[in-house]
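The following note sets out numbered points on the model shown below. Please read it alongside the sequence and the coordinates.

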Amino acid sequence: MREPGSILYVEDDERDVELTLGALEQHHLANAVTVVRDGEEALDYLYRRRSFQERPTNDPVLVLLDLKMPKVDGFEVLRQIKSDARLKMIPVVVLTSSREEKDLIASYQLGVNAYVVKPVDFEQFVGAVKDLGLFWLVLNEPTPPAGRTDDDSPRG
Amino acid sequence: MSVSDITLDPSPQEAPDESEVKYRQLFDNLIHGFAIQEIICDEQGKPCDFRILEVNRRWEEITGAKAEDVVGKTVREMFPEVEDYWIEALGNVALTGEPARLANYARALDKHLDLSVFSPRKGQFASVCIDVTEEKRTLESLRRSEARFRAMFEGAGVGIALVDRSGRLQDCNAALQYMTGFTQEELKTKTFAEITHPEDRRKNLDVHEELASGGRDHYALEKRYVRKDGSTIWGRLNVSLVRDAEGKPDYSVGMVEDVTERKRAEDELRRLNAELEQRVLDRTAALDSANKELEAFSYSVSHDLRAPLRHVTGFVNLLEQHAGTSMDDKSRRYAGIIADSARRMGRLIDDLLEFSRTGRAELKKTVFALTPLLEDVRRECLRDAGERNVQWKIGDLPEVAGDRSLLRLVLVNLVANALKFTRDRAAAEIEIGVGPAEKDAVVIFVRDNGVGFDPRHAAKLFGIFERLHAAEEFDGTGIGLANVKQIVQRHGGRVWAEGAVGRGAAFFVSLPEAGGSE
């Protein structure tokens, strides 16, 4: 089995973070998760700015994105990711409480790869997070480095 | 016996001379009636009758009597109805020899006659008679016609004026005087332009000029008049051109109806309409903003209310895992209740959001068949119901016009309800069919043999959060039927239910017909 890549998990609610990590942990997927607490931090991480200047150069294989967050919200993060030649290769999954149609439409219009509503029921929640982690970290073939067009990624 | 035998020719032996012939020709061809008569007097020497001596052809025509029948006879013999005034006046001419002109009515002939009478010899008179009956009658009818029109003119409720080609008022009726506050004499010194509001003068003068020059025969306009006291009234004016015998424009007749009140009412109506429109705009804006607020509210409910619930269920679960065997049964039961309550609240939130969403969703109407939709719904509901013994009885369902996805929700709710409330039946029976038709609507019903309900509470069934069963008995949020009612009402239909405790329930939905007028 290949080495799973890492997940960037963008979530402002610490309890959700704990629950999500708990769920991933049950399936031994938690190690690969980097948690940031708002949209601004997420963008800093992705662009290796400020406190994330020193992070390793390899990008996450998945961004798990909450929509409603302080400072920069999920839509803005999504918009910037999908309009950046390099970052747009990273799959983005919205993980939110909102089932509102307008949020769904806005997300897909911005190019989201999947939209998951956080189930209220814990077992379903764990199931959903597990499925997400397994699918994107294990089943799905990530973008090969050769497909990346940014300058600081080595070409193959 | 000829005329000349009696009077004009006293010597019948002699052949008529030349002047006699001329006279006869003249006599016979005279265009007026001519007669010579001799008076007959009573004992007092007063004329009481005439003997007819001679008449010409025209006289025959006027009287309708033939010469041979009347000559030699008396007037009273021939015309018993003759009035005494004729006898008196004509007799007088014969007696006095004074010529006279008599014009009067002759009852015997039903004619108006105009007679020039002279006396050719003592005791006789000759009359030249003109039949003026036609003229008399024409004049009379003219007089009556004039009287009639004058009465109409004066008595008319609308103002009427005769206007000469220069625009001057030649004549006007009482109504116009009343309307304008001017007397007849004052109006006769004015032109119509002078009593017209300055702002309306130009257009009136222009169109009147066209009329006066024969370019048109009629015009109508609404304009303002300035009354003598300076106040303004609105008039609806109708002007017709009167042409002379040669067809040239002669004068015009204007009729004015006072429409001040109507104008005022129209203005008021316009004002009210504008106000109403503004109010509708204001209300729409208020509604829009209320809707926006509601949307924002439900958005925040959707997002923010669910998160803590998720944490409740999540951490209760983690607690159970963490405590493991150190948790006693009672604690475990409490934890279960906490988790279950949170789950139920989650469903409540979801259903409420759904209710709010369907209330706001725009109706996307199409015409579609219910049968395949019902099949689809039934499969979905059965999947949730698991292994159940259900006898289905599905009728022949029609096409309906409406929003497919919303009406699907109606069917889902009704079918799921039927399944839910027959849960305890060994053999559940669910019938879906067409009820008695209503005007322009089809009625669909879903009937079950489930636990039913107390018909006294039938009205409560469709209210939001109304539940007729304890939550422990049958789960549910009490929103499903409220949603059904909301959707059906938005389609212009209605819902009702029949049932009895322990004897099943039937839910009815009326929907506009597919070919209906929408």
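1. Two strands are taken to pair if DSSP finds at least two bridges between them; helices (H or I, at least four residues) and strands (E, at least two) are DSSP runs, numbered from the N terminus. On that basis, chain B holds an open sheet of five strands with mixed pairing, in the order β12-β14-β15-β17-β16. Strands β12 (390-394) and β16 (495-499) of chain B each have a single partner strand and stand at the edges, so one side of each is left without a neighbour in the sheet. From one strand to the next, the twist averages 15 degrees.

2. This is a predicted model, in which local features need pLDDT of at least 70 and side-chain atom pairs count only at pLDDT 80 or more, while totals for chains, interfaces and linings use all residues. Residues are numbered from 1 along each chain as its sequence is written, and chains are lettered from A and ligands numbered from 1 in the order in which they are written.

3. Within the sheet, β16(B) pairs with strand β17 (residues 505-512) of chain B in the antiparallel sense, over five bridges. V495(B) has V509(B) in β17(B) as its bridge partner. Helix α14 (residues 404-421) of chain B packs on the sheet and touches β14 (428-434), β15 (441-448) and β17 of chain B; contact here requires C-beta atoms, placed from the backbone, to lie within 7 Å. The direction of α14(B) makes about 25 degrees with that of β15(B), where axes are lines fitted to C-alpha atoms, for helices over the stretch in contact, and angles run from 0 to 180 degrees between N-to-C directions.

4. How do the axes of α12(B) and α15(B) cross? Helix α12 (residues 329-360) and helix α15 (residues 480-490) of chain B have axes that come within 10 Å and cross at roughly 5 degrees. They are therefore roughly parallel to each other (angles under 35 degrees count as roughly parallel, over 145 as roughly antiparallel, 65 to 115 as roughly perpendicular and the rest as oblique). E354(B), F355(B), T358(B) and G359(B) of α12(B) meet A482(B), N483(B), Q486(B) and I487(B) of α15(B). By class, this contact has three nonpolar, four polar and one charged residues; Ala, Val, Leu, Ile, Met, Phe, Trp, Tyr, Cys and Pro count as nonpolar, Asp, Glu, Lys and Arg as charged, and the others, Gly among them, as polar.

5. The contact between the chains takes 15 residues from chain B and 15 residues from chain A. On the side of chain B, α11 (260-323) and α12 are the elements that give two or more residues, and α11(B) gives the most, with 12 residues. That side divides into five nonpolar, seven polar and three charged residues.

6. Chain A has five helices and five strands, following the pattern β-α-β-α-β-α-β-α-β-α along the sequence. Of its 156 residues, 36% count as buried (20 or more other C-beta atoms within 10 Å of the residue's own; exposed means 12 or fewer, and partly exposed in between; C-beta atoms are placed from the backbone).

7. The mean pLDDT (the predictor's confidence in each residue, from 0 to 100) of chain A is 83, and 90% of its residues reach 70 or more. Over residues 150-156 of chain A the pLDDT is below 50, and this stretch has nine contacts in the model beyond near neighbours in sequence.

Technical notes:
Two residues are in contact if their C-beta atoms, placed from the backbone, lie within 7 Å.
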